[in-house]
Amino acid sequence: AYIHTVYDDLQSGTLHKLTGNQTLDILLSDKLQQAQKQTITFEIDYQPNTTLSSIADLDLCVILGNLLDNALIAAAQSTERKIYCSFEQKNQYYSAITITNSCDMAPVIKNGIPQRQTPSEQHGCGIQNVLNHVQKYGGHCQFVYHIPQKQFQATVLLSCAEKS
């Protein structure tokens with residue numbers, strides 16, 4: 001179903017060329033369209049010097065797809081209904097992806113990791129998948145809830161070093 005949705009999006013001309021990485025552009029275009037359907041404001045800030053070429057497309061989709069899915073769910077249930085996603089080069093060694101979304105209720109964070117809210121076989125594996133894929137690249141994740149702004153923020157640092 002997901003592949004058909006992406007294919008239909010490509011055929012309808014809704015593919016946004018945001019990053020120059022075709023896979024990343026397809027993923028971001030799909031999430032932008034999902035946000036629009038839910039009347040969620042979704043802003044993407046991609047700095048052109050961001051280096052993600054050392055991250056396999058599938059791994060990047062797992063990381064970003066899971067985090068954006070979570071952001072869409074939280075934003076849809078919030079008053080503000082906003083998501084901000086930024087990509088930037090921190091130094092010559094790390095690229096950072098930061099996703100900030102409106103979130104009216106603070107999530108349960110245990111040992112720095114958000115916990116699933118409802119017991120379900122379908123939910124709760126996404127963050128663990130993100131962590132596994134980020135660690136594969138010598139990266140790091142940080143999850144923070146900002147109480148006054150009612151915002152949840154996920155920051156991912158990924159190593160720019162090519163794996164040998």
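The model shown in the following views is predicted.

**Figure 1. The elements of the predicted protein.** Four helices and seven strands make up the secondary structure of the protein. Read from the N terminus on, these elements follow the order α-α-β-α-β-β-β-β-α-β-β. The protein has 164 residues, of which 42% count as buried.

Figure 2. Helix H2 covers residues 22–37. H2 contains 16 residues, and the distance from its first C-alpha to its last is 23 Å, close to the 22 Å expected at 1.5 Å a residue. After H2 comes Thr-39, which has a positive phi, near 50 degrees.

Figure 3. Among the buried residues of H2 are Leu-24, Ile-26, Leu-27, Leu-28 and Leu-32. The buried residues also include Asp-25, Asp-30 and Lys-31. Leu-28, which is placed in H2, has a relative accessible area of 0% and is therefore buried. In sequence, Leu-28 and Leu-18 are 10 residues apart; in space, their C-alpha atoms are 8.0 Å apart.

**Figure 4. Asp-30, a buried residue without a salt bridge.** Asp-30 belongs to helix H2. Which side chain of opposite charge is nearest to Asp-30? The nearest is that of Lys-31, at 4.1 Å. A salt bridge requires the side-chain nitrogen to be within 4 Å of the carboxyl oxygen, and Asp-30 has no salt bridge although this residue is buried. The side chain of Asp-30 does make a polar contact with the side chain of Gln-34, at 2.8 Å.

Figure 5. Strand E1 comprises residues 41–46 and strand E2 comprises residues 82–89; the two run parallel and are joined by six bridges. Within this pairing, Phe-42 is set opposite Ile-83 of E2, and Glu-43 is set opposite Tyr-84 of E2. From E1 to E2 the chain passes through helix H3 (residues 57–76), giving a β-α-β crossover that is left-handed.

**Figure 6. The hairpin of strands E2 and E3.** Strand E2 also pairs with strand E3 (residues 94–102), here in the antiparallel sense and over seven bridges. Cys-85 has Ile-99 in E3 as its bridge partner. How many residues stand between E2 and E3 in their hairpin? There are four residues between them.

**Figure 7. Helix H3 and its buried residues.** The 20 residues of H3 should span 28 Å at 1.5 Å a residue, and the value computed between its end C-alpha atoms, 27 Å, agrees with this. The buried residues of H3 include Leu-60, Val-62, Ile-63, Leu-64, Leu-67, Leu-68 and Leu-72. Gly-65, Ala-71, Ala-74 and Ala-75 are also among them, as is the charged residue Asp-59.

**Figure 8. The salt bridge between Lys-136 and Asp-59.** Side chains of opposite charge can pair when their charged atoms come close. In the whole structure, four salt bridges are found. One of these joins Lys-136 to Asp-59, with 2.9 Å between the closest N and O atoms. Why does this pair tie together parts that are 77 residues apart in sequence? Lys-136 lies in helix H4 (residues 126–136) whereas Asp-59 lies in helix H3, so the pair links these separate parts. Are the two partners buried or exposed? Lys-136 has a relative accessibility of 45% and therefore counts as partly exposed. Asp-59 has a relative accessibility of 4% and therefore counts as buried.

Figure 9. Lys-82 and Glu-80 meet through their side chains in a salt bridge of 3.7 Å, N to O. With a relative accessibility of 43%, Lys-82 counts as partly exposed. In another salt bridge, Glu-88 is paired with Lys-90, and the closest N and O atoms are 3.5 Å apart. Glu-88 counts as partly exposed because its relative accessibility is 29%. Lys-90 is also partly exposed, with a relative accessible area of 48%.

Terms used
Residues are numbered from 1 along each chain as its sequence is written. This is a predicted model: local features need pLDDT of at least 70, side-chain atom pairs count only at pLDDT 80 or more; totals for chains, interfaces and linings use all residues. Side-chain values use heavy atoms; hydrogens and water are left out. Two strands pair if DSSP finds at least two bridges between them. A crossover is right-handed if, with the strands pointing away from the viewer, the path from the first strand over the helix to the second runs clockwise. Buried means under 20% relative accessible area, exposed over 50%, partly exposed in between (1.4 Å probe, protein chains only). A polar contact is a pair of N or O atoms within 3.5 Å; within protein, one must be able to donate a hydrogen and the other to accept it, and residues adjacent in sequence count only if both atoms are side-chain atoms. The expected span of a helix is 1.5 Å times one less than its number of residues.
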